[in-house]
Amino acid sequence: MTIARTLGAAAALSLLSAGSAHAQSLLSARGLGLPLEPVDARARGLGGISLGLPDPAMSLVNPAGAVGLAVAGLSVTFQSDNVAGEGEDSDDFSTARFPVVQAAFPIGERFVGMLGYGAVLDQNWAVTREDSLDISGSRTAIVDRFRSSGGVARLRAGAGYHLLPRLDVGVAMDIYSGVAADTIFRVFPGSGFSPSVTATTYEWRGLGFGAGARWRGDAFSLAAAVSGGGTLKAAARDSGVVDREYTLPVQVDVGGSARIAQQALVAVSGRWAGWSAADEDLAASGGARDAMQVAGGVEYEGMRFLGRPLPLRLGGRFARLPFRWTEDGEFPDERALTAGLGMVFGGGAATLDLSGERGVRGGDAVGLEESFWRVSLSLSLLGR
Amino acid sequence: MQRRFLFSGLLAALALAAGACADETPTLSGEDQFPPGSIPITREVIIPASEFIRSLGSFSGYTSAVDAPYVVLANQYEGALSAHALARFTGFPINVSYVRNGATRQDSFFTYVDSRLVLGVDSAAVAGVPLTVQVWEAVQRWDAFSATWTMAVDTAGDRTPWTEPGGTRGALIAQQTLTDADADSLVITIPGAAVERLADSTSNGIVLTIAETGKRIDVADVLLRAAIRPDSASPDTTIIVTVRTGPFRTTVYTPEQPDAPMGTFAVGGIRSARTLLELDLEQTVPGCAEGETCGEVPLSEVQLNQVAILLRPTTVPSGFGALNSVPIALRLVEEPELGRVAPLGQTSLDRDITFAPGDTVVVLPVTSLTATLAANDSIPRTFALVSELPQIDAPPTFGAAFFDPAPRLRIIYTLRARRPLP
């Protein structure tokens, strides 16, 4: 009962903001927004690997990832970014959010059900300008502000199955949802004129499917997952705008890990997402390309703190982002170095993982360059 | 139990971490960063009077001089207006108290000595300095509620004209010259013997006038600081008692406040002129940027930044122009067919407006009213342009304001901007 209450409280806490991803980059302003990685702090400490670790763990990437969990569990991840823009047109900013919350519950010896909710596309950004207008023969100051709020989130329900002694498989269904609210303000400072505010809201809807598998050997593990299918629809609540549809990309993740020493593990993963399928849909805003990510890291488990294991992690990541910043610029890339650690409490009933990242996105040829610090904190609770 | 504490603590730590971190929207700047179609377009449209307003007539006579919290003095101001103030003081003491050798004493035998008549001056309503205010003893009975320039009493049962129009005057009690137009008071010394007479219950009070022609002044307050010397006190003991007029003061003036010429909008003044107007604010405006060709759209389809009636003041004859700021309000008239006696409803301007002498245009903001009318067909379209202060029935100013019969309607609006999805 106590555990159930705690899990409930954790779910409520995380669901407060998991669906509405908060902005992490100015790149949210381009294409369909900034694609987000639904991974926890352990994975982020290892460069942001999306799958491939040997032990059972809840995952929004691989529906087979939780197979092997002996008891029900819940994982909540908190993330905070501090982003510094390099251009004159942007300000520094910091963000905080719960990018992913997930739960898994074993059913019998071989099945594991899972439910997760995570951010997929971040569409939070704003732009302002100051100018003046000629009204009644005199110049009147104006301030314009466009603000996009919202994004796309994904509710994933899936099941994993322990198929063979070393092979687990899983399938999942994704329900995409979200709201993008555009608000356009014009204010007239000091003039006594009423400000004008126009709001337009789009509802995102879509359906997708996923499947995954994991092979666990004695010294190394391999995993692969695929998701995609269907379209992402933006239905306008305002009659003055037109609904749009975008092809959801097929995404393929592969990864693996190997124990290189008794207390050291190396893990790598790669991702390909076929965003170029939406290139035509997004042609007016610069188009889209296939996104790609390679990540890897090392975990050392030899450290102990207060008698508890204290795994340390180091990693790195390179990613090709799908949406262009300017119509004639190059597509942006992202590079990051990561580090992290974990702590186990209650004999494994609770795990706290912490990671930090330092990275850069874009560059001169892209037209935007920003650097970021990111801290992630994941709390995983098992209902023992 | 220990595990429960552990989980709760970890969750609390997570919640605290989330709460402690700022969450800001990444913000770009510059026009070129706005998505296509997301920069609003603001336009200004001027609509002539014939298309939005119709005057149903100007009326006055809703207040009289005794209602005003001020009195006015004028002497052939602008060659026409003469005004005298009448005041009768009440509340003179029957006995006085004073302290002698630490003990409080009372004396019903006392003498008035030279005292001070203090006139509170509205420095914004002084036309021409220097001007000399004269204090005359009134020698004819008058009624504050009915006295006019020619009638001392004009009630149902008593119609008594002045022997001398403007208030029958006796002896000149005192006079004092105001030299500083920014002064907020004028103090006039009144001889003790004159105060003695004013304190008599049969006194008719005083008449205040201006000596020089072409001058005018609004006096906000009239009070007498009577200096009293008790008979039983030492000769150097003087007690000051403030005596006021209460309701017994008024202004008599000639000529009567002028009516507005046909079509002209008259507002305010001592007789509280008002003009009934029929407004048609359901206008249409171009639905595109200036220079582009497009159809008209109703106001309900645009964002109203300001809708304002622009009034151009015209000259008020007979010296009745306002010297100070005239507060202006627009009140709903629900039963316009009642004409001059139609009751007034709620105020309809976005904010309080005053018309100051020298203003070339008065802007009456009716943005909220326009939006309301656009959304609700059942609201009456008739309004009264009045001069009033909130919660006060008195006429705010002695002078009135007249406005040109061809006002304009200025609509500043912003077209709805929308970003098409990428």
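Which residue stands opposite A:Arg205 in β10(A)? In this predicted model, the residue is A:Lys233. Helices (H or I, at least four residues) and strands (E, at least two) are DSSP runs, numbered from the N terminus. Two strands pair if DSSP finds at least two bridges between them. Residues are numbered from 1 along each chain as its sequence is written, chains are lettered from A and ligands numbered from 1 in the order in which they are written. As the model is predicted, local features need pLDDT of at least 70 and side-chain atom pairs count only at pLDDT 80 or more, while totals for chains, interfaces and linings use all residues.

Strand β10 (residues 231-236) of chain A is joined to strand β8 (residues 196-216) of chain A by five bridges. These two strands run antiparallel. Four bridges also join β10(A) to strand β11 (residues 244-247) of chain A, again antiparallel. Here A:Ala234 has A:Arg244 in β11(A) as its bridge partner. Elsewhere in chain A, strand β3 (residues 93-107) contains A:Val100. A residue is buried if 20 or more other C-beta atoms lie within 10 Å of its own, exposed if 12 or fewer, and partly exposed in between, with C-beta atoms placed from the backbone. A:Val100 is buried because 30 other C-beta atoms lie within 10 Å. The C-alpha atoms of A:Val100 and A:Gly118 are separated by 4.2 Å. These two residues are 18 residues apart along the chain.

Confidence was examined next. The model scores ipTM 0.79 and pTM 0.80. The pLDDT is the predictor's confidence in each residue, from 0 to 100. Chain A averages 88, and 92% of its residues score at least 70. Within chain A, helix α1 (residues 2-18) has the lowest mean, 47. Strand β17 (residues 312-320) of chain A has the highest, 97. The pLDDT is below 50 over residues 10-21 of chain A. Two residues are in contact if their C-beta atoms, placed from the backbone, lie within 7 Å. Beyond near neighbours in sequence, residues 10-21 of chain A have 37 contacts in the model. Chain B averages a pLDDT of 91, with 95% of the residues scoring at least 70. Among the elements of chain B, helix α1 (residues 2-20) has the lowest mean pLDDT, 61. Strand β14 (residues 206-210) of chain B has the highest, 98.

In chain B, four strands form an open sheet in the order β2-β30-β22-β27, with antiparallel pairing. Its edge strands are β2 (41-47) and β27 (362-365), each pairing on one side only. The twist averages 25 degrees from one strand to the next. Eight bridges join β22 (residues 302-311) to β30 (residues 408-415) of chain B. B:Leu304 stands opposite B:Tyr413 in β30(B). Helix α3 (residues 367-375) of chain B lies across β22 and β27, at about 120 degrees to β22(B). Axes are lines fitted to C-alpha atoms, for helices over the stretch in contact, and angles run from 0 to 180 degrees between N-to-C directions. In α3(B), B:Thr367, B:Leu369, B:Thr370 and B:Leu373 are buried. Seen down the axis of α3(B), its buried residues fall within an arc of 160 degrees, so they line one face of the helix. The arc is that of the directions from the helix axis to the C-beta atoms. What covers these buried residues includes β22 and β27 of chain B.

A second open sheet of chain B has three strands in the order β18-β29-β23, with antiparallel pairing. Strands β18 (265-268) and β23 (313-314) of chain B stand at the edges, each with a single partner strand, so one side of each is left without a neighbour in the sheet. Four bridges link β18(B) to β29 (residues 400-403) of chain B. In that pairing B:Val267 stands opposite B:Ala401.

B:Val267 also features in the largest nonpolar core, where B:Val267 and B:Leu73 touch the most other members of the 182 residues. A nonpolar core is a set of buried Ala, Val, Leu, Ile, Met, Phe, Trp, Tyr and Cys residues joined through C-beta atoms within 7 Å. Strand β8 (residues 110-127) of chain B contributes the largest share of this core, eight residues.
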